[in-house]
Amino acid sequence: MKKHSNPTKERANLSVDIAGIKLKNPVMPASGTFGYGEEFGEYIDINKLGAIVVKGISLNPHSGNPPPRIVETAGGMLNAIGLENVGTEAFIKKKLPFLRKFSTPLIVNFFGKTPREYKEVAKKLSEQEEIAGLEMNISCPNVKEGGIAFGIDPKRTYKLVSQVRQVTTLPLLVKLSPNVTDIKAIALSAEEAGADGLSLINTITGMAIDLDTGKPKLHNITGGLSGPAIKPVALRMVWEVSRVVKVPLIGIGGISTARDALEFMVAGASAIQVGTAGFTNITIMPEIIEGMKDYLEVNGIIDIKRLVGSLKVPDNPKN
Amino acid sequence: MHQADVIVLYNQEVAHSCYKMRFLSSEIAESAKPGQFIMIKAGGEFGPLLRRPLSIHRILASEGAVEILYKVVGTGTRLLSETKKGDFLNLLGPLGNGFKINTDLHAAVIVSGGIGVAPLLFLAEKISEKKIDLLILLGAKTKNDILAVSELENLGGEIKLATEDGSLGCRGLVSELLEKRLGPPGSPVSKIHCFTCGPRRMMARVAKLSKQYKIPCQVSLEAGMACGIGACLGCAVETKPREWENYFASQPHYQRVCKDGPVFDSDEVVW
């Protein structure tokens, strides 16, 4: 990127707009790593975040998978939580009141077992004034009902997203799975069906074995890989998708530093989500926000939006 | 709760592959309750990704220092064991709910298995301060795995030992010591509470005995954790649903070891 001097030392503008949701900065938690907000609310100032994204909600409560549900791997971790959540009704009654207290826009991640359930949850959530946007999970690798069946086929993605589109006027983000042959095809289907933005990537399916017992380390056998190990894969997918769709992207995958976050924006993301890194450092998101601001100011970039999709690929004729 | 770099004052092997570490943290020393834990980042930038959950072993209030007792079981704890006096470690804590010591408690029995003694010394100290009758049953595989005996002896209560190979104390399981102590089933056991930590099978036996004798029993559970604050839902333990949670009726019911525990009533846990 071109470096400009910034003699007036004005604070860089970090605000972005994702599908009509105005964010004071592009940093938000990844669904499933931030509980319902209250878990982290004790430790960080939620008002400083770009948005809140809560654990995926389904129509009825899910108790999740039997333990062990997580295992550490080289540079990452596998999880097979199994979409444990309190269900739509309890979410609205018990969890929303806490989230209502903040000026930060609230994005609710949701999923269904069937298209009908997807629609019903979307409808109920759309009736709640304090919800700024929906993030539709068509990509959980750990349960059959997590939508993955919809998220690995472009036609089914199109059909499901179109149906949900009809029942909500809220900004609709679709969270994509990396466990596909061509993520661009799924991204295009979701866009065509009316998605206002795309979140990518969800975790990458993997497994871990305990050699001494000969057993899988997760009760679910397989789980979703997250953490720094998946960052290069995520960056590649964000870049690929950014070249074929027009809707804004939210980059996710192993982001642990401000530089990681900015790299995703250079690749084409308008905002980013932080997940696993928050487990090791509870104040990582405020630190990343400050770090991004510092980087921009040092490099004379007054508006972060200038960075989005600014990747230079000199020898690529498509560029 | 507090996330900070702390300075290590002491880190020594106290038994085969078991280490005691002392670090400075007045915040934790002032606020921690027995049964709570901390999450430690081991091995710096290139260490394992996740923090390691470790019980608070003892608080040295006057020095603002905290002790942990841990066993080397993998890369994280091995790196932790290589930490030297003067090194800094990043930690988060105190976390979890800790043991409950009822005000009307007359007598307590602490049942420990192996490295399970880690949270129990702190508890034993608190119970002794309250002048509650205390019996400590310490079990382990061999005499080399019996830990913290001298610290527990200093409290002045009664201590009984059991090892599986008979190399120290009675030969057998610590749960057998408890059973012997409680007498034939139906014996009157008034207002005694049981507190236990150790291998899961040992705790399951202690839980079963406590149920037979109708003694309240608190267990401190262990689980692999990612966040330690209740957000990731990674450390689930199956428990019996409470009545108001019966909407989960057709599904198993889980609680978070980190946030809802690590101490649970033994009756709650599905063993």
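This is a predicted model: local features need pLDDT of at least 70, side-chain atom pairs count only at pLDDT 80 or more; totals for chains, interfaces and linings use all residues.
1. A:Tyr118 belongs to helix α3 of chain A and A:Phe150 to helix α4 (residues 148-151) of chain A, so the pair ties together parts that are 32 residues apart in sequence.

2. Over all chains, the structure has 7 aromatic pairs. One of them is formed by A:Phe98 and A:Phe102, again edge-to-face, with 5.2 Å from centre to centre and 65° between the planes. A:Phe98 has 17% relative accessibility and therefore counts as buried, since the cut-off for buried is under 20%.

3. Now to the helices. The axes of α2 (residues 88-99) and α3 (residues 115-126), both of chain A, come within 10 Å and cross at roughly 20°. Angles under 35 degrees count as roughly parallel, so that is how α2(A) and α3(A) are described relative to each other. Their crossing is right-handed.

4. Which residues in α2(A) and α3(A) meet? From α2(A) come A:Thr88, A:Phe91 and A:Ile92, and they meet A:Val121, A:Lys124 and A:Leu125 of α3(A). Sorted by class, this contact between α2(A) and α3(A) has 4 nonpolar residues, 1 polar and 1 charged.

How values were computed: Residues are numbered from 1 along each chain as its sequence is written. Chains are lettered from A and ligands numbered from 1 in the order in which they are written. Side-chain values use heavy atoms; hydrogens and water are left out. Axes are lines fitted to C-alpha atoms, for helices over the stretch in contact, and angles run from 0 to 180 degrees between N-to-C directions. Helices (H or I, at least four residues) and strands (E, at least two) are DSSP runs, numbered from the N terminus. Angles under 35 degrees count as roughly parallel, over 145 as roughly antiparallel, 65 to 115 as roughly perpendicular and the rest as oblique. A crossing is left-handed if the near helix is turned anticlockwise from the far one by less than a right angle, and right-handed if clockwise. Contact means heavy atoms within 4.5 Å. Ala, Val, Leu, Ile, Met, Phe, Trp, Tyr, Cys and Pro count as nonpolar, Asp, Glu, Lys and Arg as charged, and the others, Gly among them, as polar. Rings of Phe, Tyr and Trp (its six-membered ring) pair if their centres lie within 6.5 Å; planes under 30 degrees apart count as stacked, over 60 as edge-to-face and the rest as tilted. Buried means under 20% relative accessible area, exposed over 50%, partly exposed in between (1.4 Å probe, protein chains only).
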